[in-house]
2 protein chains.
Amino acid sequence: MIETAAEKLGLPAFRLEGLLERRTIAKVLSPFPYFRFDKGVGQIETGTVIFANREKVEIVRGFPKIRRAMTIAAITKNFSKLQKVAVEEKMNGYNVRVAKVAGKVYAFTRGGLICPYTTEKALDLIGTEFFEDNPELMLCGEMVGPDNPYVPKKVYSVRSVDFFIFDVREKETGKPLPVKERIELLKKYQIRSVKLFGEYPVEELDRRVKQIVKKLGKAGREGIVVKDPEMLLPPIKYTSSESTCADLRYAFQFFNEYGQDFFFSRIVREGFQAVDFNESRKKTLERAHRLGESVLLPMAESIRKCKRGENISENAHIRVRNLETIDEFEAHLRRLGVEAIFDEPEMDGNGMYTVNIRKLMQSTTDKTKAILGGQLW
Amino acid sequence: MIETAAEKLGLPAFRLEGLLERRTIAKVLSPFPYFRFDKGVGQIETGTVIFANREKVEIVRGFPKIRRAMTIAAITKNFSKLQKVAVEEKMNGYNVRVAKVAGKVYAFTRGGLICPYTTEKALDLIGTEFFEDNPELMLCGEMVGPDNPYVPKKVYSVRSVDFFIFDVREKETGKPLPVKERIELLKKYQIRSVKLFGEYPVEELDRRVKQIVKKLGKAGREGIVVKDPEMLLPPIKYTSSESTCADLRYAFQFFNEYGQDFFFSRIVREGFQAVDFNESRKKTLERAHRLGESVLLPMAESIRKCKRGENISENAHIRVRNLETIDEFEAHLRRLGVEAIFDEPEMDGNGMYTVNIRKLMQSTTDKTKAILGGQLW
């Protein structure tokens, strides 16, 4: 089977064996044994998965990292050879790939794990018809909404959670469909696409992007992805100041759980955008104050919590149809190393169960308590 | 000679040989060959130096890292076994050790290099009398003032540069003199000590420190070092919000030259101090805005400079008595990897030469230009 997998991935078999040995390709046990790329290797993305049974080997390629423009001119420059580019909304939820493997439809997180909750939602919202007709394709999209336990957001007028698809790709090669082709195909199955703002001439990008991103920012939304309509060039993302600040506000609550580059890269983004938008002194000061508040206030609030003797934690919830999904999701979080306390499920009128989840932020709690207890830096 | 050095340092000779081989102990060639600890090893501090010639081996121990309190309670807790503690000013310049070695007085930077400029200043300001009487002692102090090429500051009403001594230590063991003994000894030689605010009962620390540090902050000064009067327990530093913000303001101009922990640790300090000072909502907002401005404005200014086609650089200057010191200092900066352009010296009425220095911040310049040129993140 290694030979088949290696061939599909375009790697020499001995290379694949080496990666398995070093656990760069890690074994997953749930809901059945398969393998996932814990790190990207050459052209193979992080989160790429390999299924193998007696009959066949199936690959689901990982979702490629989308590079970020720090200025609008960078977008223009990178697409300068094109006539037009498509501008789509980048939504703030979590990246999911939905694909049929081993005869069933599953939802994969970025890292290549099957999330039982997301899988239940995917089956509810997307169903299996698309995959019966197109077993060779995967849907890449964002799961957003308040009942999303990873990145709960209320900005999208989604009541529970919903999938917004931004890419349809061949699951075994990762090759994407052109933008319009994707939208038409999804329409046929009544599957939602992310919003396409339009296809614009490259010369108009500066004006269009600034206008769109400012408007999105004001609505608390994240930003855009700019695409080659043919999907031959890699897409580029660009985000609003408000979204950057929301990230900082969120992460500084849990300042010790995040890598320092998470904070640093977002702060630097704000510097470049201030200059790129050619802001007045007054606007730049407003941006500085927004940045400062996003950094300091959530951090101080968490420290105050610890001072009162509380732990630092995050509240989230899930809303499921099947009670088993709760246990499976709990096990899933445990495997991710997340320490979470699940409340008792509460049934609502629609035959759904809501479960409140408190995720304990152990590292930030420990560090804060130690410092408040007199530990020196 | 290795045996003698090893004995003085309390290390086995084979260990010292290993450190030399791995270049943890690095050879310095200027102004004459000697060795310095590039990293701390066990009890031996970074910057410890070893001189050896046919006649003898001399050691100058490095200056130990002073740990930082993130809250005032941490200071109290760490000194809870003492009746009283001494509170001294921590000044914002650069840490220098002055000691006599190989028969002459030299000034060492933190890392154990002899700085020719600092040495000239030390000889001018402190002279050699102290060392003639006390060849076994070293003076540890801060060199501050506007003519300081590393950390130019105008807040201390020092016209050019001055040394403020905070520790007198045995140069071969690093053992410090008790606070009062140090002050009296320095007084005898008319050598300046840093300001001693007083010796306070530990119970008063909270009130005293808050008051002193707030006042220092308002004057743009850095903070305090709290010491065991007998210097048996290690001292602890604690700094003002204004000083933290000044650090950020300075470093964000050159955001790519600094480690991300430089920024992160200072931002986290502000969170703890906001809670520690039990600030009103209004005061915390002011702190957040000060923080945001310290981060965003200097960074945006540097990016704007690059956009105008300029390089990002820092201006500093030195003021020397001897023209040779200029060349020696230029060579010293080159050895440190600093790319600096020295203007022609200008003579002033007092027989001194002023030289303007422009330090090119290559990493920040390159990164900023690349991003402005369309590079993706």
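Start at Pro31(B), which sits in the loop between β1 (25-28) and β2 (34-37) of chain B. Strands here are DSSP runs of E with at least two residues, helices are runs of H or I with at least four, and both are numbered from the N terminus. Now show the backbone from Ser30(B) to Pro31(B). That peptide bond is cis, with omega near 0°.

Before moving on, some ground rules. This is a predicted model, in which local features need pLDDT of at least 70, side-chain atom pairs count only at pLDDT 80 or more, and totals for chains, interfaces and linings use all residues. Residues are numbered from 1 along each chain as its sequence is written, chains are lettered from A and ligands numbered from 1 in the order in which they are written, and side-chain values use heavy atoms, with hydrogens and water left out.

Next, select Ser30(A) and Pro31(A). A cis peptide bond joins them, with omega at about 0°. Pro31(A) belongs to the loop between β1 (25-28) and β2 (34-37) of chain A.

The next two stops concern phi.

Go to Met231(B). Its phi is positive, near 60°, and the residue is not a glycine. Look for Met231(B) in the loop between β12 (223-227) and β13 (236-239) of chain B. Is Met231(B) buried or exposed? Met231(B) has 8% relative accessibility, so it counts as buried. Buried means under 20% relative accessible area, exposed over 50%, and partly exposed in between, using a 1.4 Å probe and protein chains only.

Now select Asn278(B). This non-glycine residue has a positive phi of about 50°. Asn278(B) is in the loop between α9 (260-276) and α10 (281-307) of chain B. At 67% relative accessibility, Asn278(B) counts as exposed.

Zoom out to both chains.

Last, color by confidence. Chain A has an average pLDDT of 96, and 100% of the residues score at least 70. pLDDT is the predictor's confidence in each residue, from 0 to 100. For the complex, the predictor gives an ipTM of 0.91 and a pTM of 0.92.
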